[in-house]
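Colleague: Could you walk me through a few side-chain and helix contacts here? I have some questions ready.

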Amino acid sequence: MEFVLIRHSLTPGNLEKQYVGSTDQPLAPEGEALARERRERMPEVDGIWVSPLKRCRQTAELLFPGMEQRIVPDLQECDFGDYECKTWEELKDEEIYRAWIGGDMTITFPHGESNGALHCPLPQWHPDRGPGGQGSGIGASSHRGPRRYLAGGDGDLRPSGAQAL
């Protein structure tokens with residue numbers, strides 16, 4: 001069974017280079033267009049699991065139109081607290097931010113969640129437990145944080161079958 005892990009398409013905050021975690025932003029028009037453009041490149045899947053945030057649900061609908069979406073709260077991005085919707089320029093002098101960017105996955109965002117809170121318990125939503133537990137593949141529309149967790153801490157590593165928008 002193939003597991004297709006997809007990061008949501010572009011939001012207004014992404015276009016402004018902001019850190020958007022728990023803020024429920026919709027896709028930007030550019031993000032909608034990008035998802036429509038990439039639809040034909042998506043493999044067939046038997047089910048799609050999504051973060052509850054709007055940008056992931058919209059991405060899934062654009063890539064897999066009409067497919068029932070299973071909402072999985074554990075696929076949601078963490079709450080960046082005081083860093084939410086801020087840019088590198090606004091945060092570059094913050095000690096905790098520099099530690100996080102340097103790879104420290106144990107930090108807690110001021111007034112936000114611990115990076116350790118991002119745990120994505122695979123046994124609850126692993127592809128083998130997908131719709132009927134059989135079929136050619138499962139898709140998951142999520143965020144960079146859960147993707148980093150699944151990829152071993154590096155958001156640029158992609159598990160087999162992962163797609164990037």
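Colleague: In which loop is His 8 found?

Modeller: Happy to start there. This is a predicted model, where local features need pLDDT of at least 70, side-chain atom pairs count only at pLDDT 80 or more, and totals for chains, interfaces and linings use all residues. Residues are numbered from 1 along each chain as its sequence is written, and side-chain values use heavy atoms, with hydrogens and water left out. With helices (H or I, at least four residues) and strands (E, at least two) taken as DSSP runs numbered from the N terminus, His 8 is in the loop between strand S1 (2-7) and H1.

Colleague: Is His 8 buried or exposed, and which side chain does it join in a polar contact?

Modeller: Buried means under 20% relative accessible area, exposed over 50% and partly exposed in between (1.4 Å probe, protein chains only). At 6%, His 8 is therefore buried. A polar contact is a pair of N or O atoms within 3.5 Å, where within protein one must be able to donate a hydrogen and the other to accept it, and residues adjacent in sequence count only if both atoms are side-chain atoms. At 3.3 Å, the partner of the His 8 side chain is Arg 55.

Colleague: How many aromatic pairs are there in the whole structure?

Modeller: Rings of Phe, Tyr and Trp (its six-membered ring) pair if their centres lie within 6.5 Å; planes under 30 degrees apart count as stacked, over 60 as edge-to-face and the rest as tilted. A search of the whole structure gives 9.

Colleague: What is the geometry of the pair formed by Tyr 19 and Phe 80, and why does it tie together parts apart in sequence?

Modeller: The centres are 6.2 Å apart with 80 degrees between the planes, an edge-to-face pair. Tyr 19 lies in the loop between helix H1 (12-15) and helix H2 (29-38), and Phe 80 in the loop between strand S3 (69-71) and helix H4 (88-91), so the parts tied together are apart in sequence by 61 residues.

Colleague: Which type of pair do the rings of Phe 80 and Phe 109 make?

Modeller: Phe 80 is buried at 6% relative accessible area, and Phe 109 is buried at 1%. Their ring centres are 5.0 Å apart and their planes at 80 degrees, so the pair is edge-to-face.

Colleague: Which residues form the aromatic cluster?

Modeller: Phe 80 pairs with Tyr 19 and with Phe 109. The one cluster holds Tyr 19, Phe 80, Tyr 83, Tyr 97, Trp 100 and Phe 109.
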